[in-house]
Amino acid sequence: MKNDKDVENTEAAEGVCPYCGSRNIARIFRGMSTFTEELQRELDEGKVALGGCVFEYDRPILLYHCNDCEEEF
Ligand SMILES: [Zn+2]
């Protein structure tokens, strides 16, 4: 039996937007994390988006933000 599809599913996890397939995504920091110069630089470069203090307890914590289609996942 071939299980090629299982391998593909496993690899399609991080780094790609599940909505539009873009790799132009940013990690989301939730809450008040330590604000470092490195974090500031990643914000400027669009690699990181701040979730701010707006917690939505009825939804799972989203870890990534797509810079192309604006979806969070
Ligand atoms: Zn997207």
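Is leucine 43 buried, exposed or partly exposed, and how many other C-beta atoms lie within 10 Å? Hold that for a moment. First, the setting.

This is a predicted model. The chain has two helices and three strands. Going along the sequence, the order is α-β-α-β-β.

Now, burial. The chain has 73 residues, and 5% of them count as buried. Next, contacts. Take those between residues at least 6 apart in sequence: 57% of them join residues at least 24 apart.

Let's go to helix α2. The helix covers residues 37-44. How many of its eight residues are buried? The count is zero, so by the numbers α2 is hardly covered. Just past the end of α2 comes glycine 46, and its phi is positive, at about 80°.

Back to leucine 43. This residue sits in α2. Here is the answer to my opening question. Leucine 43 has 15 other C-beta atoms within 10 Å.

Which residues does leucine 43 touch, once we set aside its neighbours within four places in sequence? Two names: Val48 and Leu50.

One more distance for leucine 43. Look at alanine 26, which is 17 residues away along the chain. The C-alpha atoms of leucine 43 and alanine 26 are 8.6 Å apart.

Methods. Residues are numbered from 1 along each chain as its sequence is written. This is a predicted model: local features need pLDDT of at least 70, side-chain atom pairs count only at pLDDT 80 or more; totals for chains, interfaces and linings use all residues. A residue is buried if 20 or more other C-beta atoms lie within 10 Å of its own, exposed if 12 or fewer, and partly exposed in between; C-beta atoms are placed from the backbone. Helices (H or I, at least four residues) and strands (E, at least two) are DSSP runs, numbered from the N terminus. Two residues are in contact if their C-beta atoms, placed from the backbone, lie within 7 Å.
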